[in-house]
Structures are given as structure tokens and as C-alpha cells.
Amino acid sequence: MKLVSAYPPHLRDTDDVRKVMYDVLIALTPVVIGAAYFFGWYALLLCVLGTVLGELFDFFVMRFLRKSKDFVPDGSGAVTGLLLALNVSTRLPIWAFVIGLVFALGVGKHVFGGLGQNIFNPALTGRVFLLISFPTYMTEWVDPLSGFWKSPWDATTAATPLALFKEKGIVTSYWDLFIGNVRGSIGETSALLLIVGFLYLVVRKRIKLLIPISYLGTVFLLSAVFYSVNPKYGDPTFHLLSGGLMLGALFMATDMVTSPITPLGQAIFGFGCGFLTLIIRLFGSYPEGVSFSILFMNALVPLIDRVTKPRIFGEVGR
Amino acid sequence: MKMAFRGGIHPPQLKEFTKDKPIETMPLPNKVFVFLANHAGNPSKLIVSPGDEVKTGQIIGVPDGYISSYVHSPLTGRVVEVKKIFHPVLGRPMDAVVIERISEDQDQWMRLDTSGDFERMTREEILDLVRRAGVVGLGGAMFPTHVKLSPPPEKKVDTLIINGAECESVLTIDHRLMLERAEEILLGILIMMKVLKVEKAMLGIEDNKRDAYEHLKRVFKGYPVELKLLKTKYPQGAEKQLIYTLTGRRVPRGGLPMDVGVIVQNVGTCVAVKEAVIDGKPLVERGLTVSGDGVREPKNLMVRIGTPVSEVLEYCGGIDEKTEKVLLGGPMTGISITDLSIPILKGTSGITALLPRETGVQKPCIRCSRCVIACPMNLQPYLLYLLATKRRYDDAVNEGLMDCIECGSCSYVCPSKIEHVRHIKLAKNVYRATRRG
């Protein structure tokens, strides 16, 4: 019998990082299925590629570049890869996607020191890199339900609901927006499927719940104010359902690594994201502002954490 | 109404092995090893020499200074030697008196002189009995009880709180004491109330011990002791959390319970106080739980202080060959020992033997915020860990390093398997050492 000496506690919860990451992948499965249904095989291929290559690249970096011999894959690379795939246009070529993925994980994550160390959401870092590097590929929006086997380059394209509204004042059917039967990035169109996946994470207690509540609430209330002043700004329901808001608020802003630790901080973070998103939508030159808002707020997280430090038990005054 | 504090966790309780087992008295050991030092205060001064014959309850060490206590022989026998043994709480070798039994069945007691009628005694007489009986806090801190019962006059103490929460997993000894020795607990409480001149006493008990709650309710009927049912949540039995739950008062940072008018005593200490004052019996034995999945026959036991852990485990059928850890205390805060010849201390509330558990590999912090939510002291364990590993001790102290009660809730919930408590303990030691020098 060999007795081990260790520090307490000697009981540990059975949960671990890998299970957290796997649960995110499970939560995103309905969205991936929806993407395949609305945008066909190529969208599905990008999702699978993102998941597989993301994890492989993460493993490669850890094992061979950072020479961590005891590294055990944890699924975090797969999550970043899949989220990147859900955030790109259906007409993005595979080579460009791979460049974006390498940028997301390489620059967005490992340059900062790897898992847990990055300031900016890696998937969004990759997306914005692609948006700036390949603006044409990233802003060609294929019509949904063109047929599963149809090549995206043969399908017809047009503007997204947000752009249509901003430029021409055309309002898309709320039902189509809700179920995802609209043009947009691969995984952002279906509010329904995103919410289903999100609820899974809520049930599994894997989410900083205050972030999406505050984010979506801010967009809803603020757009209601603008709408009441002038209907040309669009009504709150439209703003909630369109663009990348659902994907951003439910899955990107809630990334644990790049969001605040304290509940109050999370509420502030969500408010900032919501405020900036709407301001960019209404007054910016881009039709959508979710990615930029979240990245901007990511940069403020250390500051938010500092300001919202919890009061230590027994502390008198502050 | 059930009450609780903010934060906390719900670890597996593992109390089912022993919660229905009455307290057994373990047969006398042949040899005991009695430390002259408790955790708190100065070691006692030895007043016997090798070769001396001693009786059970005879004083072998006298206090050295104010925060120090009497030490008594737990056996009737002969003092063999005084040698240095590794003290599991202080973490370094300390003087221990080795006493050997002379004959098989001799157990002659030397008791304190007492009338047994505490209501006729003065405060000073009671305190003197408690002091001379060597009573210390049996919850684990081993702080001399007579000192705790003599708060300085500027501190207005109005409430005595009895800790019957027993929130630590595996341990059931307090549960059993409340079921089997409720009358003695009550007497102990009444004695301490008299000493402290308080009108109000409360006993907090977690709602996983309903039977004990109902029993105490019957016993306490008509006495000024309020029984409070608490939500089962770890660490409900931590002093500051218990006080807050029961009274809504927050012990200030770096302060003591008496700063908010409260004195807290463990139920085991109540029994020890009663035995000292009414029976004149010095503290030479204590109740403890021997359990965990590595123990073959888990038990609640009454054991003489100084009995080696190995003998206690042997009496409980021994431990499984696959046992990975043996702990003094329960699994959340217990100290792991690798040498089973270490003796039972006055503050040892249990021995836990655990089979190997899957721990998982440590990963970097993913800022999931679970540790912050779990921390009952409202600290940010992830930050303390970070600062401690970066050796930024002063910053860590500013973030509340010294406020940490080392309950282990953060490490328990951490999905990255980070050992916050380990690094916090080390950082505290470094900080204390450097500040002194």
C-alpha cells in the first residue's frame, strides 16, 4: 500500500474542461443540422472541417510548437473551429477558411499563451480577419434552400435581411427570421435552433447567463426606444431575430475565457455589447455590428473585472 | 425556516457509512503518544520524567503562557520517553510524551475536585475547572476553551452559538453526539452561558440530521437554547458562515466572532466542558469518525488522545490495500498523512481513508467563474491562485489572501482541476514568514 500525500480538498467535482467543451459542441449540433438543411453540403463541410481541423491544429501547436509533452486534447480547438465556420459566408473558399482558422487559433489564442489566456474571442478574431482580408467572399449571401447538393457558387445571392432593411427598408418575414430561412452566415440565421442549443447549455449550467440576458435585453429595449422615435430604425423583434445577434449573444459573447468573472461584470459586459451592436447597426457603415461589439467589449474585460470586484465577506465600506 | 449563507457547494456527503452507528468505546491502546503542543498557543511544559508512573487524567504538562493548556495522561502506566514526532497540524516534529500501560486492565482515574453543581459555582471556579481539564476546541482548531470563554471586557458578547452543522463530508461524530449525549450537550451549553453571562444560545444543525434535530428539540424544551435548522450546504459549519446564517452578523475582516458579540463552540466541546465541570474529568479521550470507502468497518469511536492512527484503523477492520489517502479529518479539509504511527490529537474529528479517485489533468483556468460563485468569503480564488503562482504575495493579500478559510469549495468545483487551496496555503505561509523577518 502506497499512501499519497496531497493538499485538500480530497474530493473533486467530476466535471472538467473537456466536458465543458463537448457540451458546447453538442449544443451547436442543431445549428449545424439547420445549416446543412438551409445552405446545403458545402456549409456542412465547412462545419465539419472547422471542428476537425480546429482540434488538430490546437494539438499540433501544443505538441510540436509549444512542446507540451503531456498535452491532452480538450476540445477547445474544435469549439473555436466550429464557431468560426458558423460565422462565415457560404461562399468562402476552403483555402480562405483554413487561413482564417489558423489565424483564429494561432493569433487569436496561442499567441496570448493558449487556452484561457487570450483576450479576444478567437473565432471572432478569425472572422474579422477574414472579413477584412476577403470582403467579397465574406459578404456574398446565398439564398437558403437552393437544394442540398447545389454548389453555392451556382446559387443566387442577394443582401441579408439587415442590409435589405438598412438600404431599402424591406422587412423580412419574422417567421423566416425565426426558423432561419434567410440569407446570412452559415450558423447565424436560425434563432430557433440557436435557442434550442443554448437551452441545453443552460440546463447543463454551462453558461454565464447574465451576459445573453443583458445583451439581448439591451438591444431589445434600446431599439424599442429608437423605434418609438422613428420606425425607420426597425422594431425590436426585427433587431433581435436578424443578423448575427442570436449567435453572438448566446454563443460568442458567453465565451468563458473572454468574458467577465463577476455577475455584475457580466451584466455590464452584455449591456456594452448590446449598446454597441445597435449603434453600429443604426449609424455605422456596416449593416451588422455584433462581431466588433463583442471584440471591443472583450478588450474591456480586465477593467470590468477590476471595477466589479466582489466585496469580501466582512469588509466594511469600500 | 431553513437558513444558509451565500456561495458554497454540495459535495457528496458520504455519511451513510456511519451515521446510524452508535459511538463505540475503543479498547485501551498499549502505548500513547501525547503532544505537548496544540495547534494554537505555546506548547505545555512537561512536569513528568521518563520512568514516572502516571494515572489516567494525571497532569503531565502545564500551560506555558496564557494561550496554552494542561495536558493529561490518557492512560494508567509509565512514562517511557519524550521524543520528537511529526505533528500533522503544525507540520514539523514536536515533543510528544510516550506513555505505556503497565498492566492489562488497569485504568485508574485521577479526577479534578468538583462539587458537580455548576449553578452554585462562580464563573472563576468554572473557568478554572475547564482550564485544568485541558479542554480545547474539539472542532479542529484546538484553541484553549477557557481563553475563548473569557473575552476581554470591552467585547460585549450576547450570544453563544453551538456548532452542530457538521458540514464536512464523511464525519458523523457530532451527529452521533447530538443523538446520544444531548443532555450533556445541554449542560455544557448552560455552563458556558453562565460563564459568558449571556441570555441567548443557539445550536445550528444541518437538515441532513433530522433525527438529531428532533431529539434535541425534545431535550432542549424549556431551556433558553434555540435550535436552528440549517440548509445542508458546505461549508455551513465554518465559523463566520455559521454566525452570519444564524444572526445576520458579519465578522469583520481579520476579526474574531467576539467582535460581533458571538462565541462559537463545537458540540463536542460542550460535552467536554460538561465532563470537566460536573464530573471533574480531564480531556483524555474524544469521539471521532473512522470512515471513507477505504475503511473496512467504518465506526464512530471514543478514543484516547495519543492513540496511533494505525491502531484505530486496525480496530475498524483495517484499510483496503488500494487505499490511496489517509486523512486526519474529513475529505474537504483533512490533512493527508503517509505515516500511520501519527497519534490522535485533541482536534482530530475523524480519520478518513479514501480509495483512488480519478482526478483528471490540470488545465489552465478558463475563467468559468465557478470558484467565484462558490467562494463563501466572496473572494476570487482564480485570482488568488494566479497571484500566488506569480509570487505576487502583497497583491494577493490585497485581494483577500488572508481572508481565505481554506474550505476548498473553489478547488472542488474547478473544471480545470486547479489546486487553489494548495497555492493559497503556501502563499499564506510565505507571506507570514516574510512579514515576520
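# Loops, helices and chain contacts

User: Where is B:Lys417 found?
Analyst: B:Lys417 sits in the loop between α12 and α13 of chain B. Helices are DSSP runs of H or I with at least four residues, strands are E runs of at least two, and both are numbered from the N terminus. This is a predicted model, where local features need pLDDT of at least 70, side-chain atom pairs count only at pLDDT 80 or more, and totals for chains, interfaces and linings use all residues. Residues are numbered from 1 along each chain as its sequence is written, while chains are lettered from A and ligands numbered from 1 in the order in which they are written.

User: What is phi of B:Lys417?
Analyst: Near 60°, a positive value in a residue other than glycine.

User: And why does B:Lys417 count as partly exposed?
Analyst: Because B:Lys417 has 16 C-beta neighbours inside 10 Å. The cut-offs: 20 or more other C-beta atoms within 10 Å is buried, 12 or fewer is exposed, and in between is partly exposed, with C-beta atoms placed from the backbone.

User: What about B:Met142, which also isn't a glycine?
Analyst: B:Met142 has a positive phi of about 60°. Its loop runs between α1 (123-132) and α2 (145-148) of chain B. B:Met142 is buried, with 21 other C-beta atoms within 10 Å.

User: Switching topic. Which residues does the cis peptide bond at B:Pro235 join?
Analyst: B:Tyr234 and B:Pro235, with omega about -5°. B:Pro235 lies in the loop between β11 (225-230) and α6 (239-247) of chain B. In chain A, a cis peptide bond joins A:Pro8 and A:Pro9, again with omega about -5°. A:Pro9 is in the segment before α1 of chain A.

User: At what angle do α4 and α7 of chain B pack?
Analyst: About 75°, with the axes 7 Å apart; α4 is residues 182-196 and α7 is residues 267-279. Axes are lines fitted to C-alpha atoms, for helices over the stretch in contact, and angles run from 0 to 180 degrees between N-to-C directions. The two helices are therefore roughly perpendicular. For that label the angle must be 65 to 115 degrees; under 35 is roughly parallel, over 145 roughly antiparallel, and the rest oblique.

User: Which residues make the contact?
Analyst: Among them are B:Ile185, B:Ile189 and B:Met192 of α4(B), and B:Cys270, B:Val271 and B:Lys274 of α7(B). Contact means C-beta atoms, placed from the backbone, within 7 Å. The contact residues divide into eleven nonpolar, one polar and two charged. Ala, Val, Leu, Ile, Met, Phe, Trp, Tyr, Cys and Pro count as nonpolar, Asp, Glu, Lys and Arg as charged, and the others, Gly among them, as polar.

User: What else does B:Ile189 touch?
Analyst: Leaving aside neighbours within four places in sequence, B:Ile189 is in contact with B:Leu160, B:Ile162, B:Ala201, B:Val225 and B:Cys270. B:Ile189, B:Val312 and B:Leu384 have the most contacts inside the largest nonpolar core, which has 211 residues. Such a core is a set of buried Ala, Val, Leu, Ile, Met, Phe, Trp, Tyr and Cys residues joined through C-beta atoms within 7 Å.

User: Is helix α10 of chain B mostly covered or open?
Analyst: Mostly covered: seven of the nine residues in α10 (381-389) are buried. B:Leu384 is one of them. Just after α10(B), B:Arg391 takes a positive phi of about 60°.

Notes. Contact = placed C-beta atoms within 7 Å.
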